[in-house]
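Me: Hi, could you walk me through a structure that I have to describe for class? I would like to ask about it piece by piece.

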Amino acid sequence: MSEAILRVENCCTWFDVTRGLFAKKQIVKAVDNVSFQIFPGETFGLVGESGCGKSTLGRTIVKIYSPTSGKIFYKGEDISTLEGARTKAFRKQVQMIFQDPYASLDPRMTVGEIVREPMDIHGLHTAKEREERVVELLQIVGLKPDHIRRYPHEFSGGQRQRIGIARTLALDPEFIVCDEPISALDVSIQAQVINLLEEIQKKMGISYLFIAHDLSMVKHISDRIGVMYLGHIVETGPSHLLYSKPLHPYTRGLLSAVPIPDPRRAKERRRIALSGEIPSPINPKPCCPFATRCPNATEKCFQAMPPTVEVDGRQVACFLYEEGG
Amino acid sequence: MSVLSVEHLSTQFTTDQGIVRAVRDVSFSVEKGEILGIVGESGSGKSVTMFSIMGLLAGNGTVTDGRIILDGEDLSPSAFSSEKEYEKKMCAVRGNQMAMIFQDPMTFLNPVLRIESQLVEPILNHTKLSRKEAVDRAIELMGKVGIPSPEKRIKQYPHQFSGGMRQRIIIAMALACNPKLIIADEPTTALDVTIQAQVLELISAIKDEFGSSVILITHDLGVVAQTCDRVAIMYGGKIVEQGSAEDIFYSPNHPYTKGLLGCVTNPESEFSEPLHPIPGSPPDLLKPPAGCPFLDRCPNAMRVCRDYMPETTVFSDSHFSRCWLNQKGGAAG
Amino acid sequence: MDQTVRPHDRPLQLPPDAFELLPESEKNAEFVAMESRTFFQDAWRNFRRNRLALVSLCFILLMCLLAILVPILSPYTYDGMDPSSLNQLPSLQDWFGTDKFGRDIFVRVMYGARISLSVGFAAAGINLVIGVVYGGLAGYLGGRVDLIMMRVVDMLYSIPSLLYIILIMLVFGSNMFSVLLGICISSWVGMARLVRTQVMSLKEQEFSLAAFVMGASRSRILFKHLIINSIGPIIVSLTMMVPSAIFQESFLGFVGIGISAPMSSWGTLANEARMVINSYPLQIVWPVLSICFTMLALNFLGDGLGEALDPKKR
C-alpha cells in the first residue's frame, strides 16, 4: 500500500466547558484517542450519531480546532507545526465542504465572487483566467455561466451545495473533508451531489473524508468506514465487510436500525434493539463508551477501555474480540 | 368508511412575489387503522396539505377548493359560515379527534412549563376527567410511550429530556384523547438512526393498540418501506402516484417515483449499485406549469406533458398514477 | 372514490405530435426561481412599503436641503440685528418672527438645523468608524483580548458623560469640536457592543469557517465577510444614533454649555426663547418643533430601516 495522505494518531480534541470560576472542571471529550489513515484517491467514511464527535474530528483535521493531544500528519508533515507559507500551502491542498448549504455561502457575495474567492486569496492566475476558471468550475458542477451574477439566496439547496463544491475545487485540492454534505438536501438532490463527488474524485484523484449520519449513502461512496461513538472510533474496515458482517455491537445495532427501502425485507429482518440513548460526553468514565447500551456488556466493559484489535482485516475496539476473550 | 377523506384540496399562499399554489387538486383517503405515508421533497406541498387539514395554515394561506371529511364530518373551511366558527370547531377537533406530531418537538413544548401541566391540560380540555384522574392518565400515557419512571419524570421540564424522549412526550400528548387520526410530520427527521427506529416502532405499536390511523409525512423511503401500508407520492403540489407500499416499491409507474427509487441505495446489498439522480431542481410553484409538474426533470417528457395535466390511470383498487406515458398507446413506460 | 377524473378535465383534443418526446432544450430543469435582486434592492422594496418611514426620509432630506440653502439664499443672516423690529410676530418678511435683537428666527432656526444636523451626522459617523473597528476586533479575536477590550468599554460607560463634556468644554472652549468630542467619547460604545455580538455570532457560521479553511487572512474574514454581513443592524443603530446626538447637543445648548452665541443650535435657540417665554411664548415653539419633528422622523426612519433590513422579515 502506498503512503497515507492523512494519518491521525491518538488524536484528542477536548473542550473545557466549565462554568464559573470555582465549579468542578467539566471537559467534553468530543474526540478521544482516535487513530486512522486515509490513502490517496480513497474515500474514508465516518459515521455516527449526532454528538459522537465526527464533525469535531473533521474540523480538527482542517485545523479549525487544534488537537488537545495526539498528532495529525498530512503527507507526512505534522499539521500542528505548520507555519506561514506552509500553512498556506496546506490550506490550498485541504478543503472542506460544509453541511448547511444555506449558511456556508456568504449571502452578500455573488456566485462568481464566491467561487473566485479562494483564487483571490491565494493569488492564483490573472484576473481574466480567474473569470474563465469560475465559468469552467460552474459547468463542472452543472450550473450555467449566467448564474455568476446571482446571489446565493436565489438558488435551491442542491444548487447552493454545488456552488460550495465549485468553490472547494477552485484550488485543485488533493484532500477534501465533506462534513455531512448531503444531510440538508432532498433525496433526489442527495444522489446528484454524491454522483458529482464521485465523478470529481475519478477525474482528479481527490481523497475524501466523508462524514455523515446517513449510513446507506456512506456505504455507497466510501471505500473504508470508521464508526464513531462518543468520541471513539469503535470499528474501522472496508465498507462492504463492515456492512455485511459488523463486528462491534454498536455497529450491529446501528446497521439494523437503518431503514431499508424494501418493504418485504423490512418486515422480515430482525432489529437489534439498542435501548437507551447516548450518554453525556461531559467527563466520561474511563470504560467502554458503549457499555451502558450494549446488549453484550460484561463487568469488564464497565471497568476498562477495550483495546483496539485487528480482526479479519478490520480494527475493532471491543472486549468480545480480545485475544482469548 | 374512511377515517379521513380529502377531495380535490387546493391551497394557496399570497406572498409579495405572487400567489404560490402549494397544493393543487389533491385527493386521498385514510382507512381505519392504517398508516398512510406521504412522500415528497421539500416544497412538494406535503406539509401544507396537512396544515390545511388541521386548519393551521399561516395567515397568508387559504384553502381555495376541495372538501375535507373526518369521520363523516365535513371539516373544510367552506362548510362553515364564518372563519370564527371554523376556528371554534377546529379547536375542539384538534388534539381530540385529530392530533399532530411535529418534526421538532421543542417548538411544541413550552420550555418553562413542567411536562405535567403540558400533558394534563389537553386531557382536561377535551374530557370530563378530574384533575387527579387526568394526571393518572398522563402518567399512564408516558409509560405507554416508553418513558421510564413516568411518575418522577412528569415533574420535569422539557430541557431535561433528550430529543428522542421529547418526541415520545409529543406522541403521548397526541394520544391523550384517543384521536382517530394522528398526523406525523417528519417525526424522526431530527433524530438519530437508533432513536428513529425506536420512535417508528412506537408509532406502529400505538396504531395497533389505540386503533388510530396515522398519516406519516416523510422524505425517507426507507422509513416508508418499514412503516407504511399505503403510500402517496407528492410532487409540485400534486399527488403523482398512490398505491400500497408494495405497489410503489416493486412496480412503480410514475417516472418521479422511479426516479426517487433510483436515488436511494439499499445498505444490505453486497455491492453498491450506481445512483441515478433526478437532474435539475423542483418546480417553482409561483408559476406552476400548466401540465405535469415533473416535466422539466422527466427523462420521458413529451409534448403533451407540457400543456396538459395527465389523467389518472387506475391499475388496481389502490394503485393510481398520473402520467401521460400510460395513455401513450396503452403502454406504461 | 378518490382520484376520480373531474368532468372539466375533458374532453381533450390532443395535437397529433402530443406523444413525441420533448427535446431537452425545451426543458428548464436548472432554472433559478427568484428574480435577481441585491440586498439593497430588496431592502428598498420593503422600505418603500412603510409610508411613515418614507415620509420621514423625505422630511429629513428636506430639512437638510433647507439647512443648506436658506442661510445662503435669505436676505437675512443669523447674526444680523435689526433694532427697528424687535420681537415681531411672524410676517411675510420674517416667517417665524424676530427675536429680542431683531434677528430673523426662521434663518436662525435653519442655521441651527445646520449645526444640529451636522453634529448628529458627524457624531454618528465617528461612532460608526470607531465602534465598528473596535467591536469587530473584540468580537473576532475573542478570548482574553475581547475580555480586556470590553472592560475598557465598560469603564468608559460607567462615567456620566455630562462630567467629561463639561471638562472638555473647559479645556477646549465651547465650540462644535468639543461638543462632538464630548458626545462621541462614550456613545460609540453602543455601536461597539452591537458589532461585537454580530461578529461573534457570524464568525461561527459556516461561511466564515469556509473562508478560514480556504486560507483567508483574519482581516479579510473580518472586513470582507463578518462586518459586511452585519451591515443591517449597523445602519439601523446608526439612524438611531443621529437623533440621540442631536438631542444631547440640544440639551447642552439648552442648559447653556453648548455652542455659544451668536452662533445658534436648536438648543441654544430654545434657551434664548425661554428667557422671554412670558411675553413672547411663540418664539420657543419654532426650535422645539424642529427638534421634535426631526427626532420623530429619524426614529421612524430607523424603525423602517430596521424592518427593511431584518433578514428574518424577508
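What follows is a chat about the chains, sheets, helix pairs and contacts of this structure.

Me: Before we start, what kind of model is this, and how do the numbers and letters work?
Reply: This is a predicted model, in which local features need pLDDT of at least 70 and side-chain atom pairs count only at pLDDT 80 or more, while totals for chains, interfaces and linings use all residues. Residues are numbered from 1 along each chain as its sequence is written, and chains are lettered from A and ligands numbered from 1 in the order in which they are written.

Me: OK, chain C then. How many helices and strands are there?
Reply: Chain C has eleven helices and zero strands, where helices (H or I, at least four residues) and strands (E, at least two) are DSSP runs, numbered from the N terminus.

Me: And how much of chain C is buried?
Reply: Of its 314 residues, 38% count as buried; a residue is buried if 20 or more other C-beta atoms, placed from the backbone, lie within 10 Å of its own, exposed if 12 or fewer, and partly exposed in between.

Me: How do α3 and α8 of chain C cross?
Reply: The axes of helix α3(C), residues 105-141, and α8(C) come within 11 Å and cross at roughly 115°. Axes here are lines fitted to C-alpha atoms, for helices over the stretch in contact, and angles run from 0 to 180 degrees between N-to-C directions. The two helices are therefore roughly perpendicular to each other, a label for 65 to 115 degrees, whereas under 35 counts as roughly parallel, over 145 as roughly antiparallel and the rest as oblique.

Me: Which residues make that contact?
Reply: From α3(C) there are C:Val132, C:Gly136 and C:Tyr140, and from α8(C) there are C:Arg218, C:Leu222, C:Leu226 and C:Ile227; residues are in contact if their C-beta atoms, placed from the backbone, lie within 7 Å. By class, this contact has five nonpolar, one polar and one charged residues. Ala, Val, Leu, Ile, Met, Phe, Trp, Tyr, Cys and Pro count as nonpolar, Asp, Glu, Lys and Arg as charged, and the others, Gly among them, as polar.

Me: Switching to how chains meet: how many residues does the contact of chain C with chain A take?
Reply: That contact takes 19 residues from chain C and 27 residues from chain A. On the side of chain C, α7 (206-214) and α8 (218-229) are the elements that give two or more residues, and α7(C) gives the most, with seven residues. The residues of this side divide into eleven nonpolar, six polar and two charged.

Me: What about chain A with chain B?
Reply: Here chain A and chain B each put in 36 residues. On the side of chain A that touches chain B, α6(A) gives the most, with seven residues, and by class this side has 16 nonpolar, 14 polar and six charged residues.

Me: Which strands are in the four-stranded sheet of chain A, and in what order?
Reply: The sheet is open, with the order β2-β1-β4-β5 and antiparallel pairing; strands pair if DSSP finds at least two bridges between them. β2 (27-38) and β5 (77-78) of chain A stand at the edges, each with a single partner strand, so one side of each is left without a neighbour in the sheet. Strand β1(A), residues 6-16, and β2(A) are joined over eight bridges in the antiparallel sense, and A:Asp16 stands opposite A:Ile27 in β2(A).

Me: And which order do the eight strands in chain B take?
Reply: They form an open sheet in the order β6-β7-β8-β3-β9-β10-β12-β11, with mixed pairing. The edge strands are β6 (98-101) and β11 (312-314) of chain B, each pairing on one side only, and the twist averages 20° from one strand to the next. β6(B) runs parallel to β7(B), residues 181-185, with four bridges joining them. Helix α6(B), residues 163-175, packs on the sheet and touches β6 and β7 of chain B.

Me: At what angle do α6 and α7 of chain B cross?
Reply: The axes of α6(B) and α7(B), residues 193-210, come within 10 Å and cross at roughly 15°, which makes α6(B) roughly parallel to α7(B). By class, their contact has seven nonpolar, four polar and one charged residues.

Notes
Two residues are in contact if their C-beta atoms, placed from the backbone, lie within 7 Å.
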